[in-house]
Amino acid sequence: MKLRIAIQKSGRLYEDSVQLLKECGIDLRNVKDRLKTESDNFPLEIFFLRDDDIPQYVEDGVADIGIVGENVLYEKNKKAVIVEKLGFGKCRLSVAIPRSQQYEGVQSLQGKRIATSYPYLVNEFLAKNNIQAEIHEISGSVEIAPGIGLADVVADLVSSGSTLLMNGLKEVETLLQSQAVLIRNNDLNAEQQKLVDKLVFRIRSVKKAKH
Ligand code: PRT
Ligand code: ZN
């Protein structure tokens with residue numbers, strides 16, 4: 001039996017995900033431009049997917065485990081268990097408004113149009129704070145929305161903050177702190193769980209060695 005892991009096919013988590021497996025002593029067969037590959041020295045099959053699809057695949061048990069940002073995991077609201085925080089892909093989901101505007105707390109968002117790729121998390125935040133606002137879901141380049149009149153404010157991922165700065169926006173609320181996590185399917189069998197434990201043991205050793 002092989003454990004199946006879903007990782008991002010390309011993008012910000014790809015390199016670190018592959019690197020982590022390598023540091024765990026898991027050799028991958030040539031990985032470029034492939035949908036899946038496997039390891040010759042660990043019973044692991046690797047699926048390369050869009051990050052957005054990973055929580056669903058793991059919930060459905062098409063993959064047993066996966067590496068994905070907490071932001072995506074919580075936005076998709078799927079049944080998967082976080083096994084381990086991985087310490088890379090760190091960012092935060094924040095609300096940002098045009099720099100020229102005053103901000104007097106969440107009530108300043110009342111009645112605003114919010115552009116975001118995270119409608120579920122933003123809606124949760126608004127409901128919790130009793131704010132009525134219009135969510136405009138867009139899939140990319142969220143930060144340009146206020147400039148082109150599509151929205152008043154944005155809720156987007158931030159790491160260095162330079163994207164917001166370049167677009168004349170300032171961060172006013174943080175909805176979520178996020179990093180890459182290892183997730184697993186809700187009901188793995190004993191054999192699968194044993195392999196997950198083995199992998200997690202190695203991940204923790206790698207982490208320890210770095211400190
Ligand atoms: O193709 P696929 O769907 O798999 O990839 P994607 O384009 O949806 O995601 P990708 O590769 O951009 O990001 C994957 C994951 O990396 C995200 O889900 C986060 O968990 C994590 N991550 C960490 C980030 C960032 N940092 C980040 N800064 N994801 C996106 N950004 C973007 C942000 O959206 C904004 O456009 O970078 C810009 C802001 O960066 P700063 O440094 O200017 O603040
Ligand atoms: Zn994505």
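Two strands pair if DSSP finds at least two bridges between them. The close-up views below show a predicted model.

**View 1. Strand β9 and its parallel partner, strand β7.** Over three bridges, strand β7 (residues 113–116) pairs with β9 in the parallel sense. Within this pairing, alanine 115 is placed opposite valine 154 of β9.

**View 2. Strand β9 and its antiparallel partner, strand β6.** Strand β6 (residues 91–98) runs antiparallel to β9, and five bridges join the two. Arginine 92 stands opposite valine 158, a residue of β9.

**View 3. Burial of strand β9.** Strand β9 comprises residues 153–158 and is mostly covered. Of its six residues, five are buried.

**View 4. Length of helix α6.** Helix α6 covers residues 190–210. Its 21 residues should span 30 Å at 1.5 Å a residue, and the separation of 30 Å between its end C-alpha atoms therefore agrees with expectation.

**View 5. Buried side of helix α6.** Val196, Leu199 and Ile203 are the buried residues of α6. Because these residues cover an arc of only 70 degrees around the axis, they lie on the same side of α6. The elements that cover them include the strands β1 (3–8), β4 (65–69), β5 (80–85) and β11 (180–185), together with helix α1 (14–23).

**View 6. Exposed face of helix α6.** The face turned away from the buried side of α6 carries exposed residues. These are Ala190, Glu191, Asp197, Phe201, Arg204, Lys208 and Ala209.

Methods
Residues are numbered from 1 along each chain as its sequence is written. Chains are lettered from A and ligands numbered from 1 in the order in which they are written. This is a predicted model: local features need pLDDT of at least 70, side-chain atom pairs count only at pLDDT 80 or more; totals for chains, interfaces and linings use all residues. A residue is buried if 20 or more other C-beta atoms lie within 10 Å of its own, exposed if 12 or fewer, and partly exposed in between; C-beta atoms are placed from the backbone. Helices (H or I, at least four residues) and strands (E, at least two) are DSSP runs, numbered from the N terminus. The expected span of a helix is 1.5 Å times one less than its number of residues. The arc is that of the directions from the helix axis to the C-beta atoms. Two residues are in contact if their C-beta atoms, placed from the backbone, lie within 7 Å.
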